[in-house]
Amino acid sequence: MKKILISVIIICLFSLCMLSLVSCGKEHQHAWDNGTVTAEATCTDPGVKTFSCTECSETKTESIPASGFVLGLSG
Ligand SMILES: [Zn+2]
């Protein structure tokens, strides 16, 4: 009877291990490309640069600061 209990515990632990391995396996160090400017930054509005991972289809965006960040100019 004890052997069965031990086997059940081992199977449970094993399943938990496998589950955590699977969820961990999805995470990997993304290899971001150089990025593509998807929205050009203007003098006043920030732009958007999109990076995509070369190993998976994951994408991330980064804002490009507005180029003409000079205050006090008329116009
Ligand atoms: Zn990736």
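Predicted model: local features only at pLDDT ≥ 70, side-chain atom pairs only at ≥ 80, totals over all residues.
Reader: How many strands does the open sheet have, and in what order?

Author: Strands of a sheet pair through backbone hydrogen bonds, either parallel or antiparallel. A strand is a DSSP run (E, at least two residues), numbered from the N terminus, and two strands pair if DSSP finds at least two bridges between them. Here the open sheet has three strands in the order β1-β2-β3, paired antiparallel. Because β1 and β3 stand at the edges with a single partner strand each, one side of each has no neighbour in the sheet. Direction ignored, neighbouring strands of this sheet are turned by 35° against each other on average; the axes are lines fitted to C-alpha atoms.

Reader: Which residues stand opposite one another in these pairs?

Author: Three bridges link β1 (residues 36-39) with β2 (residues 47-52), and A39 faces V48 in β2. Between β2 and β3 (residues 59-64) there are six bridges. There, S52 stands opposite T59, and T50 has T61 as its bridge partner.

Reader: What do β2 and β3 form, and how many residues lie between them?

Author: β2 and β3 form a hairpin, with six residues between the two strands. S57 lies in that loop. The C-alpha atom of S57 is 9.8 Å from that of H30, although the two residues are 27 apart along the chain.

Reader: Is S57 buried or exposed, and how many residues of β3 are buried?

Author: A residue is buried if 20 or more other C-beta atoms lie within 10 Å of its own, exposed if 12 or fewer, and partly exposed in between, with C-beta atoms placed from the backbone. S57 is exposed, because 6 other C-beta atoms lie within 10 Å. Of the six residues of β3, zero are buried, so β3 lies largely in the open.

Definitions and conventions: Residues numbered from 1 in each chain as written. Helix = DSSP H or I, 4+ residues; strand = E, 2+ residues; numbered from the N terminus. Axes fitted to C-alpha atoms, helices over the stretch in contact; angles between N-to-C directions.
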